[in-house]
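I am opening a notebook page on a structure that is new to me. I will write down what I looked up, entry by entry.

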Amino acid sequence: LKNLGLGEYLVFFLTGPFLTCGFVWATSGRFHSEMIYLGSIFGFATLFFYHVSNIENILVDAQAGRKTWAVYTGIDRAKKILWLLGLLITLSYFAFALTFDKQNWMIYTPIYFVIGINLVLICLKNARALSPLSSDLQSIRNRSLRLHWLIVICMIIATI
């Protein structure tokens, strides 16, 4: 499906809203609307990591005929997509905070502050990488994986 250009969409839905809503439905027998927002946070975080990996492999994917967002848009626009994904993580987080705890949603701000700083640092480091052959991209991919784990840990703390 990556060759058809559907890989990013599947990664988002299968690791985000479908997984979260399915798990909640299987364990509680009910559907909660805030789980869509929670799933969106995880889906966009996974897509963020996946997109960083696609930027790193843009030349190989282009030669293999894979239609990833990075190949389709090119290296410069692919870097801008990371900023968009960071914004979508942010919006999903605040949507979840507002629906999960309407009266005390501001108490989740320090948790997001930690996540937000890491998002900005990763995007800035990626913007400095001049080519897909840059050795910095390996460390950016590792940092984005750590960001995903940080989001998981912070969301567990926030929902306790």
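Before the first entry I note the terms for accessibility: buried means under 20% relative accessible area, exposed means over 50%, and partly exposed lies in between, with a 1.4 Å probe and protein chains only.

I also note that this is a predicted model, in which local features need pLDDT of at least 70 and side-chain atom pairs count only at pLDDT 80 or more, while totals for chains, interfaces and linings use all residues. Residues are numbered from 1 along each chain as its sequence is written, and side-chain values use heavy atoms, with hydrogens and water left out.

Entry on V114. I found V114 in helix 7, residues 109–128, where helices are DSSP runs of H or I with at least four residues, numbered from the N terminus. V114 counts as partly exposed because its relative accessible area is 38%. I then looked up I151, which is 37 residues from V114 in sequence and 9.2 Å from it in space, C-alpha to C-alpha.

Entry on H51. I located H51 in helix 3, residues 34–56, and its relative accessibility is 0%, so H51 counts as buried. Leaving aside neighbours within four places in sequence, I listed W69, A70, A78, I81, L82 and L85 as the residues in contact with H51, contact meaning heavy atoms within 4.5 Å.

Entry on helix 1 and helix 3. I looked up which residues meet here, and on the side of helix 1 they are G7, E8, V11, F12 and T15, while those of helix 3 include F42, F44, L47 and Y50. By class, this contact has six nonpolar, six polar and one charged residues, where Ala, Val, Leu, Ile, Met, Phe, Trp, Tyr, Cys and Pro count as nonpolar, Asp, Glu, Lys and Arg as charged, and the others, Gly among them, as polar.

Technical notes
Helix = DSSP H or I, 4+ residues; strand = E, 2+ residues; numbered from the N terminus.
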